[in-house]
Amino acid sequence: MNPLAGVRVVDLTRILAGPYCTQALADAGADVVKVEEPGKGDDTRGWGPPFVEAESVYFLSVNRGKRSLTLNLKDAAGGDLLWSLLADADVLVENFRPGTLDRLGFSWEEVHRSHPRLVYASISGYGGDGPWGGRPGYDAVLQGEGGLMSVTGAPDGPPFKVGASLVDVLAGMTAFQGIVLALLRREKSGRGGRVDVSLLESLLPTLTYHAATYLLNGQVPTRLGNRHPNLAPYETFEAADGHVIVGVGSEGLWRAFCRVLGQADLADDPRFATNALRVTNYDALRARLAPLLFARTVGDWLAALEEAGIPCGRVRSVAEALEGPQVAARGLLVDVEHPRLGRRRFVGSPLHLDDAARSSPLPPPALGQHTDEILRERLGLDPGAIDALRQRGAV
C-alpha cells in the first residue's frame, strides 16, 4: 500500500523546491493537483534549452505524478474554485513570496479557520518573519547567503556554486518531511497545521561540521578544493588517465591504504601516524601521495583499493552515473509514458518501502491537461459550467 494513498494535495508551487516536494508526495501515493495560471503555467515550462518536443526538460524533471488544473486566482470565480478544492483536500503547498497568498485571500489564518484539518505548507527563501522575511530567494542566491559557496572551490580561487540546485532540493525534502509529520500528528490530534520551510534554514544544518567548527571553535571554514577539513587522505587525486577519489576514514584504513600504495612504512612516519597529524601535515602528505597515485590508471587503483576494502571511486559524468549498473539494479530510473514524448526514462523516488509502489506512473502534465476532469470529478461541474468559467477567464 502506498503510504499517502487517499491524501489529496493542492499544489500551488512552481520552479523547483515546491515541485520537488509535491513530486515526492505524488511518488508516495498522494493525489496531487498542480494549480497553474491559465495560458502561462509554471515559469519553468519556458526554461531552456534543452526542450524535448517543445517541453522544458527542467519542468519535466520535477513534475511527474501530478495533474494540471489552470485557475486564475485573481478572478473571483477562480478563487471560489480554489476554496471548493480545499474543502476536501488534506494538504496545500505553496511557494509564493511571503504575503502573496494573503493578498489573494488565502492566508494560513483564513484557510485554517475554514478548514482546520488541512496541512498548510509554505516554502520561501528566508521565511515570512525576521529582518529578511519576505525577501525573494533563488537557489544560487541562497548558496551564497547560506555560506555554501564560501566552502566550495579551490583555496586560491573564487567561490563556486554547487553544480546542482542543492538548496532547492533540500528545501523540497524538508517540506516533504514536515508535511508527513503534520499528517501523522493530525492522526492523533484531528487538526492540521502550518509547515513553514525556508531555503536558508534547509541549507544551514547541512553544513554540519563546518557550522560546528565556527560555533564551537570560533574558526571560520574556508575553501579547500576537494580535500576534507577533518580527514586525510579524503579527496580526489589525479591518476594516469583520470581522477580517483579516496576516503581513508580510520587508522586501519590508513595502514591498508599504505600497503596498497606499496609504501607500508609510510604508515609509521611520525608526521602521519594519526588522522590529526595527517590533517595538520596535509601539504607534506599530499606531496608524498600525489606522484604515487599518478603512476597507475583509475581502473588499476579502484581494483586494488576495493580489494583492500578502502572506500574509493571515479569521477563520473552525469550520463555515466545514471547508466551505472548499480542504478539499474536498484531501479531508480522509471519508464513513464508521456502523451507527447512517448515512453521516456525519468529519475524516480530514492525511497524503498516494502509493499509500496516506488514512483508514480503519471507523466508530467501538459498545461491545464486535467482541468475539465478535475472540475467534474472534484467539484461536480458539468461541461456548460466549465465552458462558462473558461469564457470568463477563470480557468
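Is the crossing of α1 and α7 left-handed or right-handed? Hold that thought for a second, and keep in mind that what we're looking at is a predicted model.

Okay, the helices. The crossing of α1 with α7 is right-handed. α1 covers residues 17-27 and α7 covers 166-189, and they pack at an angle of about 45° with their axes 7 Å apart. Who's touching whom? From α1 you have A17, Y20, C21, A24 and L25, and they meet D168, V169, A171, G172, M173, A175, F176 and I179 of α7. Sort the residues of that contact by type and you get 11 nonpolar, 1 polar and 1 charged.

Now over to β7, residues 119-124. Here 6 of the 6 residues are buried, so the strand is largely enclosed by the rest of the structure. Side chains in a regular strand alternate between the two faces of the sheet, so it's worth checking each face. On one side of β7 sit V119, A121 and I123, on the other Y120, S122 and S124, and all of them are buried.

β7 also has strand partners. β6, residues 91-94, pairs with β7 in the parallel sense over 4 bridges. β8, residues 193-198, pairs with β7 as well, again parallel, over 6 bridges.

Last stop, A232. Where does A232 lie? It's in the loop between α9, residues 208-217, and β9. Buried or exposed, though? The cut-off for buried is under 20% relative accessible area, and A232 comes in at 2%, so A232 counts as buried. Leaving out neighbours within four places in sequence, A232 is in contact with V248, N275, R278, V279 and L285. And then there's N281: along the chain N281 and A232 are 49 residues apart, yet their C-alpha atoms are separated by 9.4 Å.

That's my tour, thanks.

Conventions:
Residues are numbered from 1 along each chain as its sequence is written. This is a predicted model: local features need pLDDT of at least 70, side-chain atom pairs count only at pLDDT 80 or more; totals for chains, interfaces and linings use all residues. Side-chain values use heavy atoms; hydrogens and water are left out. Helices (H or I, at least four residues) and strands (E, at least two) are DSSP runs, numbered from the N terminus. Buried means under 20% relative accessible area, exposed over 50%, partly exposed in between (1.4 Å probe, protein chains only). Contact means heavy atoms within 4.5 Å. Two strands pair if DSSP finds at least two bridges between them. Axes are lines fitted to C-alpha atoms, for helices over the stretch in contact, and angles run from 0 to 180 degrees between N-to-C directions. A crossing is left-handed if the near helix is turned anticlockwise from the far one by less than a right angle, and right-handed if clockwise. Ala, Val, Leu, Ile, Met, Phe, Trp, Tyr, Cys and Pro count as nonpolar, Asp, Glu, Lys and Arg as charged, and the others, Gly among them, as polar.
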